[in-house]
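Hi everyone, thanks for making time this morning. Let me put the structure up on the screen, and then we can walk through a few pieces of it together.

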Amino acid sequence: MSRAFVKEPDGDGVPVDPPERVHSPHPNYVTPEGLRQLHRRVDELLAARAPLAGSGDPEDRRRLRLIDRDLRYVEERIRRAVPVDPADQPEGEVAFGSVVAVETPEGRRMTFAIVGEDEADVSQGRISWVSPLAAALMEARAGDTVVWRRPTGEMELTIVSIRNGD
């Protein structure tokens with residue numbers, strides 16, 4: 001096979017910018033803590049960027065391009081943020097910002113906080129408001145049984161308690 005038309009990387013050439021991070025098509029609802037997390041992330045990125053600015057080292061330039069890309073992403077997430085105060089949500093029903101305790105038919109109890117996409121962390125029990133679990137829980141009340149449709153099959157969950165905010 002001829003390599004005549006294959007672009008070889010230039011040793012001193014300007015590296016290609018990394019692809020932009022894709023934004024969610026959903027509104028960027030955030031809790032007050034979620035908005036603070038986004039602002040902290042901007043501060044972290046700016047601090048990481050400062051020592052790299054102006055460096056001629058190719059690895060520093062590569063890292064700087066990644067940081068700049070992430071900075072554009074987080075700043076746009078902040079610009080699109082729709083702050084929602086959990087305390088302003090309806091009492092007694094699951095809504096954005098609610099902390100929901102559920103129980104399976106086998107008696108296993110789990111607690112989830114319904115938060116914005118950027119602050120979701122399943123290991124911490126914080127699920128995105130656009131997740132299938134959150135969708136199943138939304139607008140339910142204590143005592144209701146909902147069906148969580150998962151890739152591995154459906155699971156019934158009974159709402160044990162609901163509180164607004166962490």
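**Rings, charges and a strand in the middle**

Let's begin with a charge over a ring: Arg21 lies over the face of Tyr73, 3.9 Å from the ring centre. Keep in mind that this is a predicted model. Arg150 also lies over a ring face, that of Trp148, at 5.4 Å from the ring centre.

Now for rings with rings. How many aromatic pairs does a search of the whole structure find? It turns up 2. Take Tyr29 and Trp129: their ring centres are 4.9 Å apart and their planes sit at 65°, which is over 60 degrees, so this pair counts as edge-to-face. Tyr29 belongs to strand 1, while Trp129 is in the loop between strand 5 and helix 3, so the pair ties together parts that are 100 residues apart in sequence. Together with Phe96, these two are linked by ring pairs into a cluster.

On to strand 4, residues 109-115. Of its 7 residues, 5 are buried, so the strand is largely enclosed by the rest of the structure. What does strand 4 pair with? One partner is strand 3, residues 98-103, running antiparallel over 5 bridges, with Val102 opposite Met110. Those two strands form a hairpin with 5 residues between them, and Gly107 in the turn has a positive phi of about 95°. Another partner is strand 5, residues 126-128, which runs parallel to strand 4 and is joined to it by 3 bridges. There, Ala113 stands opposite Arg126.

Note on methods
Residues numbered from 1 in each chain as written. Predicted model: local features only at pLDDT ≥ 70, side-chain atom pairs only at ≥ 80, totals over all residues. Heavy atoms only, no water. Buried < 20%, exposed > 50% of the residue type's maximum accessible area, 1.4 Å probe, protein only. Helix = DSSP H or I, 4+ residues; strand = E, 2+ residues; numbered from the N terminus. Pairing = 2+ DSSP bridges. Phe/Tyr/Trp six-rings, centres within 6.5 Å; stacked < 30°, edge-to-face > 60°. Lys NZ or Arg CZ within 6 Å of the ring centre and 35° of its normal.
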